[in-house]
Amino acid sequence: MKSAIIIANHGTTNITEAREGLHHFRMELVHELPENVGLYTAILNDIVREAALRDACQVKRNGTDMAPVPDDYYGEMSRAYMAGSLLSMKEACDQAIEDGYDRLVIFPTIMMDSPLYQSMIRDVDTEAGKAGIKDVEILPPILDEEDLSSANRLAKLIEQSLHIQNREKYILIGYETDHSMKQMYQQLQEAFFEHDLDNVYVASLNNRDGLSRIAADLRRQQYSGILKMQPLTTNSFGHILEEDHGDTRQIAELFRRFGFQVQVIHKGLACYPEYRQGLIHRALNAL
């Protein structure tokens, strides 16, 4: 039986960063996979994928095929290559099946369950069903309400990724859209306490009462250092904007009015190598 892994990324509307995020995951994973395991990538957000394809067509018309890359990047990367890797989930499944793989492992980088995650499941089931492939494993979101231990794993992974120090205070900013997400944030907060990290707060942009309680707790401690705000999202590199998590700048300004020094970290968790490795190990364990 031949296995293939498909990395399923939500993507961002910053096209370059969407490519870079997938490229880092892909390049780090490919070095750890057995040679007989296939590797594909898919963008679940159609808006991101279509914008990237338009951009690739524009680049081709302009006669250039190289994308700018950061200093720590894995060598040069052609835009044509990255455009080809921005497949939809249906296209990625079809390509893997066409290449002769009869076992699919879907590796989502999504933080929580969402309409995009559910749509991904339907796409995989449809394409695998049409091809008669029955051996399909879809990994759950990183925070899985069916698995209470997922909050403990994520808390440990964030601690390692951010190199959290006891003398610093962190607020992990999530975006609450329904009651289940609120419960998952609460479980993550409890997991940090279990790891003896009482300097890490988990909050939602939609929960202003919760943010006020955090400010009151910091006042009681007479905290005077820098308060770091890290978006609780996997999206890579610098693209953390209002469409992803509301306006984090408003939250930062709220805490500044409370008298705190605030540093907003404008990058997703996937920019931290330790975080990427933690997700990659999930995929490897599923093989």
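**Notebook: charged pairs and cysteines**

I began with Arg220, which I find exposed, with a relative accessible area of 63%. I note at the outset that the model I am reading is predicted. Looking for a partner, I found that the side chain of Arg220 meets that of Asp217 in a salt bridge, at 3.2 Å from N to O. I then placed both residues in helix 8 (residues 208–220), where Asp217 and Arg220 sit three residues apart, about one turn of the helix.

I next searched the whole structure for such pairs and count eight salt bridges. One of them joins Glu28 and Arg276, whose closest N and O atoms are 2.6 Å apart. Because Glu28 lies in helix 1 (residues 15–30) and Arg276 in helix 11 (residues 273–285), I record this pair as tying together parts that are 248 residues apart in sequence.

I turned to helix 10 (residues 248–257), in which Arg256 and Glu253 are three residues apart and so are separated by about one helical turn. Their side chains meet in a salt bridge at 4.0 Å, N to O. I list Arg256 as partly exposed, with 39% relative accessibility, and Glu253 as partly exposed too, with 37%.

I also noted a network of salt bridges that links Arg103, Asp135 and Glu137.

Last, I looked at cysteines and found zero disulfides in the structure. I looked up the accessibility of Cys93, which is buried at 0%, and of Cys271, which is buried with a relative accessible area of 15%.

Key
Residues are numbered from 1 along each chain as its sequence is written. This is a predicted model: local features need pLDDT of at least 70, side-chain atom pairs count only at pLDDT 80 or more; totals for chains, interfaces and linings use all residues. Side-chain values use heavy atoms; hydrogens and water are left out. A disulfide is a pair of cysteine sulfur atoms within 2.5 Å. Buried means under 20% relative accessible area, exposed over 50%, partly exposed in between (1.4 Å probe, protein chains only). Helices (H or I, at least four residues) and strands (E, at least two) are DSSP runs, numbered from the N terminus.
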